Amino acid sequence: MHELSIVAGLFETLLEQAATHGARKVTAVTLRMGKLSGVVPELLESAFDMYKKGTIAEEAKLWVVDVPVRIRCRACGKEAEIQSYVFLCDACASPDLEILQGTDMVLERIELETDDPAAG
Ligand SMILES: [Zn+2]
């Protein structure tokens, strides 16, 4: 399952960040997920829930933000969001599109809880 290896990589980053900041807990994680990232949000969430058990992210909430697919037409230069899986420029109908966003998954934000009340 694709999502398991994504979550494995995600947890490496989480634990590294938590250690860097001397955090006791990871409380929330926000991911920006492109519509074309090939990731199934439900599978990602269940992989996350499975993985977090016994780690400092055990109580962490996972927020997934959908990122629409944005394209730029190489023929006429128009930028637009793709609403369906029809990859044609809506201005000139050219299929020669450059995909600007929506194909990857990005770790946007990690919320940590530290022992030091001054840092909270
Ligand atoms: Zn066009």
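## Terms and model

A residue is called buried if 20 or more other C-beta atoms lie within 10 Å of its own, exposed if 12 or fewer, and partly exposed in between, with C-beta atoms placed from the backbone. Helices (H or I, at least four residues) and strands (E, at least two) are DSSP runs, numbered from the N terminus.

This is a predicted model, in which local features need pLDDT of at least 70 and side-chain atom pairs count only at pLDDT 80 or more, while totals for chains, interfaces and linings use all residues. Residues are numbered from 1 along each chain as its sequence is written.

## Overall form

The protein has two helices and six strands. Along the sequence they follow the pattern α-β-α-β-β-β-β-β. The radius of gyration (taken over C-alpha atoms) is 18 Å, well over the 14 Å that the globule rule (2.2 Å times the number of residues to the power 0.38) gives for 120 residues, so the protein is more spread out than a compact globule.

Along the principal axes, the C-alpha atoms fill a box of roughly 55 × 35 × 15 Å. Of the 120 residues, 20% count as buried.

## Helix H1

Ile-6, Val-7, Leu-10, Leu-14 and Ala-18 are buried in H1. Seen down the helix axis, the buried residues fall within an arc of 100 degrees (from the directions from the axis to the C-beta atoms), so they line one face of H1.

On the other side of H1, the exposed residues are Ser-5, Ala-8, Gly-9, Glu-12, Thr-13, Glu-16, Ala-19 and Thr-20. Gly-22, which follows H1, has a positive phi near 60 degrees.

## Nonpolar cores

A nonpolar core is a set of buried Ala, Val, Leu, Ile, Met, Phe, Trp, Tyr and Cys residues joined through C-beta atoms within 7 Å. The largest has 18 residues, of which Ile-6, Val-7, Leu-14, Ala-18, Val-26, Val-29 and Leu-44 touch the most other members. Helix H1 (2-20), strand S1 (23-34) and helix H2 (41-52) each give two or more residues to this core. A second, separate core of five residues includes Val-69, Ile-71, Cys-73 and Cys-89.

## The S3-S4 hairpin

Strands S3 (residues 69-73) and S4 (residues 79-82) pair (at least two DSSP bridges) in the antiparallel sense over four bridges. Ile-71 has Ala-80 of S4 as its bridge partner. Five residues lie between the two strands of this hairpin, and Gly-77 in the turn has a positive phi of about 85 degrees.
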